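Me: I'd like to learn how to read the interfaces in a model like this one. Could you take me through them?

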Amino acid sequence: MDLMEKLKILSAAAKYDVACTSSGVNRGGARGSLGSASACGICHTFAADGRCVSLLKILMTNVCVYDCQYCANRRSNDLPRASFTPREIAELTINFYKRNYIEGLFLSSAVIRDASYTMEQIYETLKLVRHVYRFNGYIHIKAIPGADECLIRAAGLLADRVSVNIELPSEESLNRLAPDKTRESILKPMNMLKNNIIQSREEVMLFHSAPRFAPAGQSTQMIVGATPESDKKIITLTENLYKRYSLKRVFYSAYTPVSDNPLLPAAKPPLLREHRLYQADWLLRFYGFSADEILKNADDNLNPNLDPKCCWALNNLNMFPVEINTANKRTLLRVPGIGSRSADRILAARRVGLLTFENLKKLGVVLKRARYFITCRGKMYEKISMDPAILEMKLTESKIREAYKQLSLFDEPAPLADSGNAAAPGGIIYAYGHI
Amino acid sequence: MLTAIFDGSLDGFLSVIYSCYYDKRLYDYAYEDDVYQRQLDSDYFYVPADPARSVKVMDAIGKRVSQGAQSNVCYCLLAADRERFTSMLRYIRLGFKTGAPVDNYQQDPHVLKVHKLVRYVLHEAHLLTGFCRFKETKSGVYYASVSPVNNTLPILAEHFRERLMNQPWVIHDTARGMAAAYDGDDYRIEPVKNNVNAERSEDEAFFQELWRAFFDAIAVKERLNKNLQRNLIPKRFRKHITEFRNED
Ligand code: SF4
C-alpha cells in the first residue's frame, strides 16, 4: 500500500481524537535541529469542521485486537486496515514541519498484537524522529494502558505530552462497551505518568540538564452522549482528574452515532452539550468554580439555553450586582460576560480613575450579558428587576441564537460515513483512535 | 498645533521624541512624510532620523517608562495605520509624565489606540506563524509568500529563525515588495522584485498532495461547519495557503 493510501486511512481513523493543541511548553530552536515549541500554541489551519489543526494527527496502525463498541477500528468491524512504519512517520513529520504545515506530531495507535508491542512501536518512532531526524518540535503521544511501564516512561522522555484516554465517564459504561479495558488499567498509567511528571519537574529544578518527562503534562478525553451519565457526573469526574492526576486538560468528544448497535444511542452528535461541557470545564480550570457550584444534584445536566456561568449567576442573584470599581478579581471573574482579559483590563484601568459604563465599552468589555450583573459608581446600566425569570429570558434570547450560529445545529443532516469507513454500512464509525 | 514630519522609521520616530524635549517643541502630531498633507492651520517641522539620538530616547523609555512601553513602540510601528505615529507620540509623552503606569491610562484615546494596534499587529503575526506555507525550491531554499495588512515580516523572521534553524528560507511580503532571507545563520530584510523565481523541487508536489489528503481526511463529516472555518481562516490569507489552493 502506498504512503498516500496509508495516510488517508490512518488520519481518518485518528480524527475523532479531539486533543490537537500544541500548547504548554516553550522551547527555543537548537543548532542542527529542526523545530521549536511555543507555549501559547499555534493553529496551522482549520479543517472543514472548524477545528484547529496544529499537529499531524495519525494512528501508527488501525489494526486492533480489542473490540470497543464505539470505535470503527474494533476487531469485529470490517474496514480497510493499514500500518505506518516508523520511518514513514518520521518522513511525513519532518517534511510537513519544514513547510510549516504543522506544529508537530500527535501519534496514537490501535492495539496491534498487545499493548506493550504497540507502545514499543510508538517508542521506536519517537527515537527515530528525535535522534536520527533531530526533530525538536512538539510531540504528543498516547500511552497504551497495559503496556510495560518502562516503555511508557522511555517514550515519555521523548514526548512533550502524554495522554491516556479515560474513554467513558463511568466504570459501568466502560465494562459494557469496552470489554477489553478496565477502569484500573486506565487509571494506573495515568497515575504513573503523574508521578513521573512531578518527579521530573523536581529534578529539573535541581539540575537544569535533567531529562524532561512530558514537560507539557498529560491530558485525557472522554466520549459524551454514548452512555447515560449526567453532566454533573462528568464534571465531577473532570474535577477529580484535575485534582488527583494533575491533568493539564480534559477533552470531551460528542459521540457520533451511526450504529444500529442497541447498546448505543442513535441521535445526532450532541454538539451543544459538548460545548456546554467545555464551558463548565473552563469555569473549573480558570474561574475558581467547583463542580458542586456549577451543578447541585447528582443527575443535573447543564442548561442547553444558557452558558453555565449565567446559570450559576441566576441561582446566586444575592451576590449581584457587583461594583466594577471595587470588586476583586475573583468576583469580577464570576460576572457573566467578563472573562479574564476583561477583568485584567478593568483592574488596570481603575487604578487611574473611576470607571463608567462608557469606559468599559472603550476598554472592549462586552456588556451584553454583564450589564445585568454590575454597577459602575453605584449605577445600574438600565432599570431592570433582579428577577431570575426575567433575566433568564433576556439572557437566552441573544445567547441561543449565537450558539446555533456557532454550532450550525440546523445545518442539513450530514452524510453518514466518510470514505475511510464507507465499507462498514451500519457499523459504528466512531473511530476513537487509540485507546 | 505642531506637527513633526519624519521618514517613518523607528530611528526617525525616536528622533521626533528627542526633538520634543531638546528643541522644546512639544509636537501634537507626527506623520511619515509620504502620507502627510500640508495643512494651513498647523506648523510643521521636518525631523531627520538620527541613530545616536534614537538610542538615547529608547534607553530613556526603558528606564523612565517601562520595557513594555519600549516593545509597544516597536510593535506599533509595524501597524498599517497612518495615525499611529501621533498616538505613539502622545503615548510616550504621557509615559514620561506617569512612568510605568502609563499602560493603565486606558481611558486616554492614544493609549487605547497604541494598545489596540499592538494587539492587531501581534495577532496577525501570530496567525501567520501558523498560516505561512513554505515550498521547497530546486535550490533547496524554502520559499513562502505572505501579504499581511500590517508589516509583520520582522516578527515572522524572528519566529522562523528559531523554528527552521537548519534550513535556508525566504519569506516574501508581496504586498510591500520586501523579503526576509535566512541563510542558515542569520537573516536580512530587503526589498525584492515581485516576480521571484521559485521553481519547485521534485518532491514538492508529492508532499503538497499528501498534505491536502491529510487535510481532507481529518475533518469530521458529521460536524461540518464551513462558517466557522471561514471565520477562523479569513479569505485574505487563503491565496497563500497550500490546502486552499489546487496547485502551487
Ligand atoms: S478504541 Fe482503541 S483499543 Fe478500542 S477498538 Fe478502537 S482502536 Fe482498538
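This is a predicted model: local features need pLDDT of at least 70, side-chain atom pairs count only at pLDDT 80 or more; totals for chains, interfaces and linings use all residues.

Me: Let's begin with size. How much area is buried between chain A and chain B?

Reply: Interface size is often quoted as the accessible area that is lost when the parts come together. Here chain A and chain B bury about 5,400 Å² between them, with carbon and sulfur atoms giving 58% of that. On the chain A side, Phe46(A), Arg99(A) and Tyr101(A) supply 13% of the buried area, more than any other three residues. In terms of contacts, 73 residues of chain A meet 55 residues of chain B.

Me: Which elements of chain A each supply at least two residues of the side that touches chain B?

Reply: Both helices and strands do, among them α1 (3–12), β3 (55–59), α2 (86–98), α8 (271–286) and α15 (388–407) of chain A. Sorted by class, that side of chain A holds 37 nonpolar, 19 polar and 17 charged residues.

Me: Now inside chain B. Where do its domains lie according to the domain assignment?

Reply: The assignment gives domain 1 as 2–123 and domain 2 as 132–244 in chain B. The C-alpha centres of these two domains of chain B are 32 Å apart.

Me: How many residues of domain 1 of chain B are in contact with domain 2 of chain B?

Reply: Seven, and they touch seven residues of domain 2 of chain B. The area buried between these domains of chain B is about 580 Å², 61% of it from carbon and sulfur atoms. Within domain 1 of chain B, Leu78(B), Ala80(B) and Tyr120(B) lose the most area, together 75% of what that side buries.

Me: What does the rule find there for salt bridges and polar contacts?

Reply: Zero salt bridges between domain 1 and domain 2 of chain B, and two residue pairs in polar contact. Helix α5 (residues 109–131) of chain B gives the most to the domain 1 side, with three residues. By class, that side of domain 1 of chain B has seven nonpolar residues, no polar and no charged.

Conventions
Residues are numbered from 1 along each chain as its sequence is written. Chains are lettered from A and ligands numbered from 1 in the order in which they are written. Side-chain values use heavy atoms; hydrogens and water are left out. Domain bounds come from an automatic or database domain assignment. Contact means heavy atoms within 4.5 Å. Buried area is the accessible area (1.4 Å probe) that two parts lose on being put together, summed over both. A salt bridge is a side-chain nitrogen of Lys or Arg within 4 Å of a carboxyl oxygen of Asp or Glu. A polar contact is a pair of N or O atoms within 3.5 Å; within protein, one must be able to donate a hydrogen and the other to accept it, and residues adjacent in sequence count only if both atoms are side-chain atoms. Helices (H or I, at least four residues) and strands (E, at least two) are DSSP runs, numbered from the N terminus. Ala, Val, Leu, Ile, Met, Phe, Trp, Tyr, Cys and Pro count as nonpolar, Asp, Glu, Lys and Arg as charged, and the others, Gly among them, as polar.
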